[in-house]
Amino acid sequence: MNFATIKFHDVSNGPGVRVSLYVSGCRNHCKNCFNPETWDFCYGEPFTKEVEEKIIAGLDHDYIKGFTLLGGDPFEPENAQVLAPFMERLRKRFPDKSFWCFTGYDYEADLLTGKKGDLKTVMRILKCLDVLVDGKFVEELKDLNLLFRGSSNQRIILVKPSLKTDEVVLWDEKTIV
């Protein structure tokens, strides 16, 4: 897997100051995507053990609220295979930090059904997440007033309660995650 960039002090992709990993590779190709260079799976640099250690070091500060995965798309099968063990490692190491992920895929239709890659691998990642922002960016539904998403079709899902109840539970600004 390749990654496009790592932001060690990101305040745009989840609440608080976060470390964000932008993975490379996305098949959605949303019209007017804010990061089209990340569509290419070969873009950027290889995601190595040394890169993992840099992310861990970046997270190891009290002022860092959490970690965010985006891209590209973390749930592309090529990316998910690499990210699942890494996310489990991060969750174990930082149990009190929040973990967010952005995907162009639909939580119920694509991720929970196994239509997008190996279901076991997808579930390994989902179980590490607190919040999932799902859905393709749709230019016609773009709304600059939305918090943490670009178009009104995208949802901010609380993953743990959604998995527990088997119904989508949405995040709102009052939810601390």
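A residue counts as buried when its relative accessible area is under 20%. In this predicted model, leucine 158 has a relative accessible area of 11%, and it is therefore buried. Leucine 158 belongs to strand β7, which covers residues 155–158. Along the chain, leucine 158 and valine 131 are 27 residues apart, yet their C-alpha atoms are separated by 4.8 Å.

In soluble globular proteins, nonpolar side chains tend to be buried together. The largest nonpolar core here has 35 residues, and the members that touch the most others are Leu21, Ile55, Phe67, Phe75, Leu126 and Leu129. Several elements each supply at least two residues of this core, including β1 (2–10), β2 (17–23), α1 (49–59) and β4 (64–71). Helix α2 provides the largest share, six residues. A second, separate core contains 10 residues, among them Tyr22, Leu70, Phe102 and Trp171.

Leucine 126 illustrates the contacts of one core member. Apart from neighbours within four places in sequence, leucine 126 is in contact with Phe75, Tyr107, Leu111, Leu112, Leu132, Val159 and Leu163.

## The packing of helices α2 and α4

Helix α2 (residues 77–93) packs against helix α4 (residues 119–126) at an angle of about 35°, and the two axes lie 8 Å apart. The crossing of α2 past α4 is left-handed. On the α2 side, the contact is made by Ala80, Gln81, Leu83, Ala84, Pro85 and Glu88, while α4 contributes Thr121, Arg124 and Ile125. Of the residues in this contact, five are nonpolar, two are polar and two are charged.

Technical notes
Residues are numbered from 1 along each chain as its sequence is written. This is a predicted model: local features need pLDDT of at least 70, side-chain atom pairs count only at pLDDT 80 or more; totals for chains, interfaces and linings use all residues. Side-chain values use heavy atoms; hydrogens and water are left out. Helices (H or I, at least four residues) and strands (E, at least two) are DSSP runs, numbered from the N terminus. Buried means under 20% relative accessible area, exposed over 50%, partly exposed in between (1.4 Å probe, protein chains only). Axes are lines fitted to C-alpha atoms, for helices over the stretch in contact, and angles run from 0 to 180 degrees between N-to-C directions. A crossing is left-handed if the near helix is turned anticlockwise from the far one by less than a right angle, and right-handed if clockwise. Contact means heavy atoms within 4.5 Å. Ala, Val, Leu, Ile, Met, Phe, Trp, Tyr, Cys and Pro count as nonpolar, Asp, Glu, Lys and Arg as charged, and the others, Gly among them, as polar. A nonpolar core is a set of buried Ala, Val, Leu, Ile, Met, Phe, Trp, Tyr and Cys residues joined through side-chain atoms within 4.5 Å.
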